[in-house]
Amino acid sequence: MLRYEDVEYKFEVLCDGVASRVFIYPDFFALFRTAQENSNDHHNFYVYAFRDSEMDLPMLKPADEAIVVVGDERFRSKSMDEALLKAITEDDLRAKQMLMPRTSGIRLYSSLLPVLQLDTQQLVAKFTKTPRYLCVFHAAKKVAANLLMTPTRDAYVAGPSLCAAHHKISRYLPIEFLADALGVEEYPIAHVQGHMTAGHRLLSEESTAIIVLMRGGEPMALGVSEVFARAMLLHAKQAEEIHGKALAGKKTVIMVDSVSTKFP
């Protein structure tokens, strides 16, 4: 049987090989680096889309900030201007253009497609700002988290050992963070000495749903499910699969995902 961790490891090796051959504009590299160093959360519910071709327009339209990357006129897409104009005038696309390099000629008109200067610090400050209604708990500075995380980044750890490493993390995170964030409640348990005493569990645990974001979230979600054993476990590949009927009567929803990232 092919284990998920084996597939994940091979996939990461393949991605690393492709990434090593991809050219990134220095300005973009600085942007990604600064964002990584300054971000407190990876899910701020505000999407910036950087795209450069006609095929990318469907990705630009739903983004909160659509940015068309405009390259050297000798190499840019010839059909993009017409498609971009149609998207702006007929489909109500609101976008800006970013010149890469900065000496490139603009697309269309600046009145239709304003030019955005890539100010790394300004952009990063804007899209790493945490909304006031979002409370972020970050484990990166926890000694225990760093110890648990190391095997998942070790190229020599794979198969059952990698699975075990993910499992340890998946039990640690809900105990360390979710219990405090969501609260706990007492309930009676039989003590080993024969009398009744108070135990603790997640507040409204039976009214909690754990949603697994397939495929990366499954190993982590199984550990969370072990910690909160009375919670319901749901698998979902698409948002449409999380419907009201499945969540009827639930007071708390925990969405679990896992992404392994390696940045030079």
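Let me start with R107, which touches D52, V70, R76, S77, M80, D81, L84, Q97 and L113, leaving aside residues up to four places away in sequence. Before going on, a reminder that this is a predicted model. R107 is found in the loop between β3, residues 95–99, and α5, residues 120–127. Is R107 buried or exposed? Its relative accessible area is 1%, under the 20% cut-off, so R107 counts as buried. One of its neighbours deserves a separate word: the side chain of R107 makes a polar contact with the side chain of D81, at 2.6 Å.

L108 is not a glycine, yet it has a positive phi of about 55°. There is another case at D92, where phi is near 60°, again a positive value in a residue other than glycine. D92 sits in the loop between α4 and β3. With a relative accessible area of 52%, over the 50% cut-off, D92 is classed as exposed.

Now the nonpolar core. The largest one has 16 residues, and those that touch the most other members are L57, L60, V68, L84, L93, A95 and L113. Which elements give two or more residues to it? They are α3 (57–60), β2 (65–70), α4 (80–89) and β3. The largest share, five residues, comes from α4.

L84 touches L57, V68, L93, R107, L108 and L113, not counting residues up to four places away in sequence. A95 has its place in strand β3. Its relative accessible area is 9%, which is under 20%, and therefore A95 is buried. With the same exclusion of residues up to four places away in sequence, A95 touches A66, V68, L112, L113 and P114. For A95 and L112, which are 17 residues apart along the chain, the C-alpha atoms are separated by 8.4 Å.

There is also a second, separate core of eleven residues, and A221, V224, A231 and I254 are among them.

On to the aromatic rings. How many aromatic pairs are there? The count comes to one aromatic pair. That pair is Y172 and F177, edge-to-face, with 6.4 Å centre to centre and 85° between the planes. Y172 and F177 are both buried.

The charged end of R201 sits over the ring of Y187, 4.3 Å from the ring centre. R230 lies over the face of Y187 as well, at 5.2 Å from the ring centre.

Last, confidence. The chain averages a pLDDT of 79, and 82% of the residues score at least 70. Which elements have the lowest and the highest mean pLDDT? The lowest is α5, at 59, and the highest is strand β5, residues 196–202, at 91. Where pLDDT is low, the predicted coordinates should not be read in detail.

To go back to where I started: R107 is buried, its side chain makes a polar contact with the side chain of D81, and L84 and L113 are among the residues it touches. L84 and L113 are also among the residues of the largest nonpolar core that touch the most other members. That is all I have.

Notes
Residues are numbered from 1 along each chain as its sequence is written. This is a predicted model: local features need pLDDT of at least 70, side-chain atom pairs count only at pLDDT 80 or more; totals for chains, interfaces and linings use all residues. Side-chain values use heavy atoms; hydrogens and water are left out. Helices (H or I, at least four residues) and strands (E, at least two) are DSSP runs, numbered from the N terminus. Buried means under 20% relative accessible area, exposed over 50%, partly exposed in between (1.4 Å probe, protein chains only). A polar contact is a pair of N or O atoms within 3.5 Å; within protein, one must be able to donate a hydrogen and the other to accept it, and residues adjacent in sequence count only if both atoms are side-chain atoms. Contact means heavy atoms within 4.5 Å. Rings of Phe, Tyr and Trp (its six-membered ring) pair if their centres lie within 6.5 Å; planes under 30 degrees apart count as stacked, over 60 as edge-to-face and the rest as tilted. A charge sits over a ring if NZ of Lys or CZ of Arg is within 6 Å of the ring centre and within 35 degrees of the ring normal. A nonpolar core is a set of buried Ala, Val, Leu, Ile, Met, Phe, Trp, Tyr and Cys residues joined through side-chain atoms within 4.5 Å. pLDDT is the predictor's confidence in each residue, from 0 to 100.
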